[in-house]
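Below is a short report on a multi-chain model.

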Amino acid sequence: MGRYGRYIPWIILGCTILLFPLRTSNYYLQIACLAGIYIILIIGYDFILGWAGLLSLSHAAFYGIGAYTSALLSVNFSIPFWVTLPAAAIVAGLFGLVVGFPTLRLRGHYLALGTLAFGEIVVLVLMRWRAVTRGVDGVTGIVPASFGLFVFDNNKSYYYLLIFFILILAIFARRIHQSRFGRALIAIRTAEVTAEVSGIDTNRIKLLAFILSAVYAGIAGSLYAYLFRYISPETFGLHQSITILTMLLIGGGGSIGGSVLGAILLSFLPEWLRFLKDYYLLLYGVGIVLMMAFMPDGVIGLAKKIISKIKFRLPLRRNV
Amino acid sequence: MQQLTQLIVNGLTMGCIYALIALGFVLIYRTVGVINFAQGELVMLAAYFGVTAISIGLSLIWAYVFVIAAMAIFGYLFQWMIYYPLRGKPFITIIISTIGVSIILQNLARIIWGPAPLMFPSFFSLKPLNIGGVLVQPQNIFVFVVTVVLFSLVYLLLSKTMIGHKMQAVAQDPETAKLMGIKVDQVVAGVFVLNSILAGAAGLLLAPIFLVTLDMGSSVLMKSFSASIIGGFGSVPGAIVGGLFLGVVEILGARYISSHFKDGIAFVVLLLVLLIIPKGLFGERVNERS
Amino acid sequence: MMLSIENLVVNYGNIIALKSISMQINEAEIVALIGANGAGKTTTLRTISGLLRPASGSITYNGEKIDTWPVEKIVAAGLSHVPEGRRIFPGLTVLENLKVATSTWAGRGQSIQPELEKVYRLFPKLRERTSQLGWSLSGGEQQMLAIGRAMMSRPKLLMLDEVSLGLAPNLVQDIFQTIKEINQSGLTILLIEQNANLALEYAHRVYILENGEVVMTDTAINLAKNPQIQDSYLGS
Amino acid sequence: MTFILETRQLCKQFGGVHALRPFDFKISPGEIRALIGPNGAGKTTFLNLLSGIYTPTDGDILFKGQQITKIKPHVVTRLGVGRTFQTVKPFGKLSVLENVMLGYDCRAEKGIFHILIKSSSAKQEEEETKEKARKALGFVGMLDKQNMIITSLPYGQQRLVDLARALVHDPDLLLLDEPAAGMTRQEGSDLVACIRRIRDLGITVLLVEHNMRLVMDVSDRITVLDFGYLIAEGIPEEIRSNPKVIEAYLGKKTNDAIN
Amino acid sequence: MHKKILIAALILGMVLTACGPAVQEQTTQEIPTEQPTQLAATESTQATTEPTQAATVPDTIKIGFVAPLTTANALMGWSMQQGAQLAAQEINDAGGINGVPLELIIEDNSNTADVAVNAINRVLSENPVALILGSTSAQTLAMEPIILENTLPTIIMGSSPSLTDQGNPWVFATRADDGFAATAAVKFAVEDLGAKKVGIFHAAEEFGTSVAPIIISALAEYGLEPAAVVSAPSTDKDYSAQLLELQAADVDVILVWVLPAPGILLARQMKQLGMDTPVVANPVFGLSQVLVLMTPEELAGIYSMTDCVPSQSTDEKILAFVQAYKDRTGTTPDLFGALSYDSVKLFADVITQVGTDLAAIQAGLFAVTGWPGVCHNYSFDAKGRGGYDISTVDISTGTLKVVGTVSK
């Protein structure tokens, strides 16, 4: 490899991602779009779980709040996508703040259960508060996203829209990870009291993690609403939070690469297994168990291990 | 008044069920620090084993024996395949693994036994007993009695016996437990077997009341979970108190506030308890490992 | 010779923790391992008790090769290890802590009472605290419990890792006095000590470890006179 | 204001246990003060009260004349108190430099939006933090290890990094909890020199330590606690010969050894 | 740097694997979906299919089939799958459609909207000429835009009126809608059972909750208001709070809209609480798997409103179907098995007449009048809704006894 050799894989990767829609069926494109939304969700969730080390099971609720905010604004008031998307982010972020506050007192399994309860209550409200949320029937008739005269009304164009958002949000996430906020999050996770005594307002940072992850989830929710143009409460229940958790853990927490890999892998895995017909979900379960058994640190952890073997040295330095 | 009593009696029955399912995973949590998300599926599996036992012509008593034996073996295999390879990994890794197992068992049961609900007989007739105007099912009384007995046994086992102390020692510091000559792997395997047997008992007791369905365990798992948190996670007495409390509050809330929010009641109660007494009613004897 | 270690090599992943350690421990001795942090003292102890597996070399105990035995078999054979940081079971009472350590021999019709009495005689404070939970004990009491607990497994060789760490000087003196008593009742003792003064005061023989190797070994009396040791390990 | 830190009738109970009896304590600026006493004497409790980790049951804490009695730890730190711990819990995944930078982050002002858009002021602030952290690392002699992952360092060196972390935000008062525990003798005497240099920067030092040689060596004054009570205070020579101290704490033999 | 390269390689690997089968499909088939107008779609499909036909006769005619084969509604999905497969087998045994064998592309929707959309796209990638959906309304609503976009004639077995109210001309419903069924239930309760104080018990999920307001407005036609409306999530196992509320309201008939397992538990718990109020329920008690689990006491006083009861028919054709279904599955066909059987047969009939052109099939379906199936006689109205019969069955005796039928 020459001087620019190291860029070759990146160029190939970039081209593959950009050209993917041109060479694939609508079926795979749809899964890819959904995977893209999951990528945003998981990068956001990583703030809470991978970075702050807090096990929260309410992520799907923020996702739902984002989706409903966008959908209802679009359907009731015909507000365009470029307004409803930030609105979704803000509303979800506010909920993140509200949920974050009381749960700051909770640790470990208690936090998990507290947030789980919040998530279930949100779904219940979405289902029962018919006057606002349209209840169990869900919201139909969401106007497609558009930019100027260009309308994102098919999976192909939407795919590129998602790539745009993923790139922006991944860059933002990376900047936060590498800033003092990222340091503070790691500090809180590994030694909370020491962090506090080092001058870090741990409560504020934890709230920040909650809000950030809720904002990401809100954006993901909004993008989901515009992808499907129909939403219903059941999508945002506990099973979704568990899917999100599984995706992050399979990918490997604490890194954007892990989030991306987990989201893609678990979005495609059940679909790849469909040829097994009756047995496909069974094998999906087996897949999860095997992945945890053979790569307990996620795909990204395994990748790092292989690399450290290749390099014949220990990862003593942290790549900044 | 009579209706109120009836509601409380029924609430207590549900509470027993929550507690019974909670008991197993409280045990697992205390010993290996892991939340077993497949607990509901263990209960379900036991009930389906029971159905199979009856269908091959075993009497009810022998079906019970068969199920308990099968669950004991299953518990051993479960820890051997799921827990043993992941020992020493962060608890969350093992949790994901148990989620995988729950998906496996759900689908396995669907493929083997089909999606239709099935029947499992009871020792008792379905005719309710009229006790002072309150109607009570004999099977429910049976559930109540067995729950109390099982809780007492597990409590005594943990707090009064050598094997219980060993289990706690392993839970609190597995490496030091090894240095004290405790066969840690055996103790852990034993806990998984015991958990499986408890889940088996729950499955057998619930099957005649609930029917045997794919979701019979998982549908109450989250409530059991909430119950054990309300009682104080990891605490055996907490599990039963939390279970009974939740059962009664839920049924009263559904009756006198609104049945449309019945599922929410458990979670609202859970949130309130967490915010007011974050460690639950009975707290934890040992601080959490994480 | 009670315990003999030959050319022991231990790795943590890719890091070599012990390069090649050889040492001998005779019956009824107190042997101390001293050295800087990271010299391999704790690793040596953990390998003897079976928590770590050597990459090569051998550990022989009373003529039997024990380096492939499971931990509980090593404990049952009479090697008892008091780990660094006391590591008592916080959620068990003092009595329960003591009881669980008898699992290698108890329950076959043998009463644990004589052992219990012995421990209470050594550490009378523990008797007062029988039903207190482990975490509620003070640091010194926890250390007593940790040693007492190890005594419950009927050891022939007691291995102590940094018992003085974080304890007040007068308590350290008390505990070392007790260790001496234990030794005089016939137990062999292998201890790790940060405080070289203390080690030289109580041990019969001392091994000095540096970077995973034994750099010097002699009787405590000789070492105390050695000017080189005086200079680098003992304050003057 | 003659004292940099003053406590008035400060006490702490856990349940029914008196961890610290009403305690009056004063340190003058620029002093090196040692706090000694047997285990369970309340020394760490006292430090935790000072740094805001515990809330006192009763009494007041004044720092530079200002009430800090019920103030959260991170605010106490920002006011100018540095603190190290008995057992170092380094921030595992971070490098040595980042561990130290963390101690200066409380001085940063640029919010999250600056970081998202990578504004030049945010970049400048990050550079400044890095510079400060390097300086602090240089001060404790660990600059050459700045890019190592902290957990790969030996324990004694981790303690030095911890010290740099506690120093980096320019505190006026530094609380050291058993700084020499787990250090070799050489590292211990380096530490003594280091503590002196810290004092020379104008920082007041309060340390809790069991290593009597170090305590006698470095401190200007010594305060002795026993089971929550103050039993003596004075210059090292006084303490060494105080019969109450010898009985409660030092033990005869150790005392002989020190002398 | 190496880390990044590896990640890149991993992603690349995945993406390529994902592309693999899709690329093959692309080379062999043209998807007639991206055409701007219906007319153009028709023309271009013909244009592209004709040469292919000339080269190779299409080996199969594909009909997509998406239903909940796993998770909560697996029982319903299972019946549907059996009915559809039986129909396909009969058609193929008889020589296929105009000599071309029929192939069902069966996919599971896991009872969630996301997976349902994936499933329908998966089915579409096989180029079916028709689609049968056995999903809940939420999933069907999520799929409707795709159906519209792909102009695919689709038969749904959902009963929510909202499904056919979307103005999607490609969606046809074979099942009587909830409005019709609920009206029939209210009519039976009031006119035949003489109800004065009606209680409503519905599942808390979407299919139950959406029916409640329909029942209430049907009651209003008789000048009645429900005495109590209660609900329970299908995961709930104890209904005493709800039942005692109904009891306290002193209701004389309970209208029930629930899933199978809750239905059985409800009937059982009513008797346990000493309630013998008559129950008029959705088709749940018309399912053979439900009946076998109930004791005679529990069955007393329970009526079910169902689209059809094939086993009670006197029609020979229908009885032949019942027998064939029994031989195949060992159970009596329920309405889902029958509906799904009808849907496949109906498509096959239409395709036999008009060929595989999508617009022609759509027109063919609209032209259907009184097509005799095993469940209904079908005629589709402008909204695409067909199958307007509701039978009231009395199950007191342990068998399904039809006591009345309402037709439009």
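## The interface of chains E and B

Between chain E and chain B, 14 residue pairs are in polar contact, both residues at pLDDT 80 or more. A polar contact is a pair of N or O atoms within 3.5 Å; within protein, one must be able to donate a hydrogen and the other to accept it, and residues adjacent in sequence count only if both atoms are side-chain atoms. On the side of chain E that touches chain B, the elements giving two or more residues are α3 (74-93), β7 (228-232), α10 (240-248), α11 (260-272) and α13 (296-299) of chain E. Helices (H or I, at least four residues) and strands (E, at least two) are DSSP runs, numbered from the N terminus. The most comes from α10(E), with seven residues. By class, this side of chain E has 15 nonpolar, twelve polar and eight charged residues. Here Ala, Val, Leu, Ile, Met, Phe, Trp, Tyr, Cys and Pro count as nonpolar, Asp, Glu, Lys and Arg as charged, and the others, Gly among them, as polar.

Chain E brings 35 residues to the contact and chain B brings 33 residues; contact means heavy atoms within 4.5 Å. About 2,800 Å² is buried between the two chains, and carbon and sulfur atoms give 61% of that. Buried area is the accessible area (1.4 Å probe) that two parts lose on being put together, summed over both. K237(E), Q272(E) and L293(E) supply 22% of the area that chain E buries against chain B, more than any other three residues.

## Basis of the model

The model is predicted: local features need pLDDT of at least 70, side-chain atom pairs count only at pLDDT 80 or more, and totals for chains, interfaces and linings use all residues. Residues are numbered from 1 along each chain as its sequence is written, chains are lettered from A and ligands numbered from 1 in the order in which they are written, and side-chain values use heavy atoms, with hydrogens and water left out.

## Salt bridges and chain contacts

The rule finds three salt bridges across the interface of chain E and chain B. A salt bridge is a side-chain nitrogen of Lys or Arg within 4 Å of a carboxyl oxygen of Asp or Glu. K262(B) and D236(E) meet in a salt bridge through their side chains (2.8 Å, N to O).

Over all chains, the structure holds 42 salt bridges. Seven pairs of chains are in contact, and chains A and E share the most contacts. Chain B does not touch chain D; their nearest C-alpha atoms are 15 Å apart. Chain C and chain E do not touch either, with nearest C-alpha atoms 19 Å apart.

## Two sheets in chain D

One open sheet of chain D has six strands in the order β6-β7-β8-β3-β9-β10, with mixed pairing. Two strands pair if DSSP finds at least two bridges between them. The edges are β6 (81-83) and β10 (229-234) of chain D, each with a single partner strand, so one side of each lacks a neighbour in the sheet. Strands β3 (residues 32-36) and β8 (residues 204-208) of chain D run parallel, joined by four bridges. A34(D) has L207(D) as its bridge partner in β8(D).

The open four-stranded sheet of chain D has the order β2-β1-β4-β5, with antiparallel pairing. Its edge strands are β2 (17-27) and β5 (66-67) of chain D, each pairing on one side only. Two bridges pair β4 (residues 58-63) of chain D with β5(D). L62(D) has Q67(D) as its bridge partner in β5(D).
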